[in-house]
Amino acid sequence: MMAVRAVNGGSLFRSAASPPLLAFWCGFRHFSSLPFRRNSELGLRFPIFCCENQFLGYGVGRSCSAYSLVDCVMEELAASRQRRRVRANVKVRITSTGELLEDKLVNRELEKGLLLEFKKDSDRILLGVAQRPDGKKNWMVYDQNGFTSSIKPQQITYIVPGVENFDQTDISKFLQKAEENLDPTLLEIAWVELLEKNKSVTAEELAEMIFGSAEPLESYCAHLLLSKDEVYFAVQETKGYCSIYVPRPTRQVEELLHKKLAKEAAEKELQDFVQLLVSAKAKPAHAKPSKSLWMMDEKIRNKIESLEAYAIDDCKSDEQKRTAGMILKTMGLTKTVSSALNLLINIGYFPVHVNLDLLKFNIRTNHSDEIIAAAESLLSESYDPDEVNRKDLTDLKVYAIDVDDADELDDALSATRLQDGRIRVWIHAADPTRYVQPGSMVDREALRRGTSVFLATGTYPMFPEKLAMEGMSLKQGELCNAVSISVVLHSDGSIAEYSVQNSIIKPTYMLTYESATELLYLNLEEEAELKMLSEAAALRLIWRRQQGAIDTSTLETRIKVVNPEDPEPSINLYVENQADPAMQLVSEMMILCGEVVATFGSANNLPLPYRGQPQSNIDVSAFSHLPEGPVRSSAIVRIMRAAEIDFRKPIRHGVLGVPGYVQFTSPIRRYLDLLAHYQVKAFLRGESPPFSAGQLEGMASIVNMQVRLVRRLSGSSLRYWIIEFLRRQPREKKYRALILRFIKDRVAALLLVEVGLQASAWVSIGAQVGDEVEVQVEEAHPRDDVLSLKEVIRN
């Protein structure tokens, strides 16, 4: 036998193999020849089907074979008499729709053996059997999972009618039968008829309508259909454990159906995405999908980007956060940043050592095609606006000294001795304004970046790489445009005379700090110019200290990571002492250049980014008991005040011991240096400076915000890789550590000399600030920024 229905233009087919329907909606003319049962209380008529199979009834054993019209009438009369008796004691109310509503919300008292449904928590609804009272109001309940717990009356959502002394071992079987026989299409059929009659319904009445019985199992099935329904019915009234439902209006149902379909489509989409994640996780490293593959489909890209935003704790909207949370929940993972991060690593989207701050701070790592094209166009132009004013300094021996992996060389040094014995030094700064003009597309991009980014894993230049390396950077043995600052020193190291001019130079040597230091120690006669530079640097250091300069030199760590995308990349670590002769030489020349440019700007009323730093009346002698170097420097730096910038006139830089200071020697990698070049170069051409003090201040605020982010990024990246370096070392390895200060009791701030990293550890009684102790690494977790040290006690 097959029942057919058509609702809202659709059709439903139900085979005889399906659970039989004794009460089935019959608003269709082609069922008119069938015998009907009438639910006189609701005024509804349902066709009667003959079937040899037993119905769903739980523990009822009801058969539905060959109902005759007479049987049906007799049953209906008996039921009618019973209903009249019940009505005599039932209140009647009028609903907002005008329907006469019997007071069906009669709660059953809780007693042992009742089968009830209750809310375990916000996500779980369970079926259980009442066992015994627990206090005044609560009841102990044995649930479908075999656990006994105490519940409050307000947790109960439904009491299954017609059940007494239910066997708790049958809960699962009862629940299984109910789930197997849930058919949401029956709800639609009932909705059509109830909407037409403008009738409300309880779970038991719905069971009678669609199943032909209000026995326990049928009633619970109807309750499940109604309580889980989000489309056809709404709760009209609830009292205790009972609810009355009303059919929703047609327009509302259509809207809800549309939303439901959209929700189901979204859930299917989510499941498909989760399957992609599971598949990617299972693949070996070399076979995992590349990052670009996850970006090809828009829907997949949106989900992976939501996970990425969640992993770096930088969700741009609540929708991103919800999407990531659903993905993690569906994957069976906790909704945490670390879960999202590990998932993205496991599917190959992130490398093991992904730099989260680089993503979170939205640091620009690539230049757009438009910027690259504009930069290449600048390279192809041969016009030099300062060509006629450039001084030929190609006869000078020029030393460019930097770290061995420097990509952008933007400063170099020369020196000559005058006939009177004084030294003239030259500080040559690369001249990027030969190519870039203020306000141009390439200049605006440099302003947004503010600075080049130097990380252990790579460099992200302020200018497009080709323009920076091929056009702007100083190159050994090639003619290079520069701005050269010439300074003649008095014998005490003070400035006797200076000049600032456009120039052409031809760098002779590209030296690392190590090779420059070696040349200084060798004291070769043919490198007399390098020795002159060293002499000039020594004079300047003495003079600055006389002016109150404070020595803050310490250890500086550099790391170069080879193949950072690999799970175990190679780590090259270098620790340099800022008091090294070559580093001291370069530092003194850069400070000298800054003082000269500040003096030049002041003399010509040029708005420039003049840097200063109050000394805060630091009494250096108060730190004389501490050993020179990192320990003393650390103590002084802790009480120093922050640097300041004035854009109208020089301000004293007490820490450097100079009356004014302008950073000028790194215009390829620092935008504020480039601004100083724009201003100075305009003056040298006889033009007005392109920017006022107010404009400089506005641009500097943009740049400094970005510079602070990059400084944080560089610091966190360096620390991450130092801890990763330590993690890989043998556990028994010992490290020298200087005690910088005591944080609390015997917990001291330490400087690990071999790696240049500050950390903390407990040190034994008797150790003092400035002492050196030995430590071992107990734990090292770079992702969590955890480094645990233990002092090695000497016997």
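**View 1. Ser 339 and its partner Thr 336.** The side chains of Ser 339 and Thr 336 are joined by a polar contact of 2.9 Å. (A polar contact is a pair of N or O atoms within 3.5 Å; within protein, one must be able to donate a hydrogen and the other to accept it, and residues adjacent in sequence count only if both atoms are side-chain atoms.) You will find Ser 339 in helix H10, residues 337-346. (Helices, H or I with at least four residues, and strands, E with at least two, are DSSP runs numbered from the N terminus.) This is a predicted model, in which local features need pLDDT of at least 70 and side-chain atom pairs count only at pLDDT 80 or more, while totals for chains, interfaces and linings use all residues. Residues are numbered from 1 along each chain as its sequence is written, and side-chain values use heavy atoms, with hydrogens and water left out.

View 2. Is Ser 339 buried or exposed? Ser 339 counts as buried because its relative accessibility is 11%. (Buried means under 20% relative accessible area, exposed over 50%, and partly exposed in between, with a 1.4 Å probe and protein chains only.) Setting aside neighbours within four places in sequence, Ser 339 is in contact with Leu 328, Leu 333 and Thr 334. (Contact means heavy atoms within 4.5 Å.) Look also for Leu 307: it is 32 residues from Ser 339 in sequence, and 9.8 Å separates the two in space, C-alpha to C-alpha.

**View 3. Ser 473 in a loop.** Here Ser 473 sits in the loop between helix H14 (465-472) and strand E20 (480-489). With a relative accessibility of 4%, Ser 473 counts as buried. A polar atom of the Ser 473 side chain lies 3.0 Å from the backbone nitrogen of Leu 409. Beyond its neighbours within four places in sequence, Ser 473 has contacts that include Asp 407, Glu 408, Cys 480 and Ile 668.

**View 4. Helix H15 meets helix H17.** The axes of H15 (residues 513-522) and H17 (residues 581-603) come within 7 Å and cross at roughly 100°. (Axes are lines fitted to C-alpha atoms, for helices over the stretch in contact, with angles from 0 to 180 degrees between N-to-C directions; 65 to 115 degrees counts as roughly perpendicular.) On the H15 side, look for residues including Tyr 513 and Leu 520, and on the H17 side, for residues including Pro 581 and Met 583.
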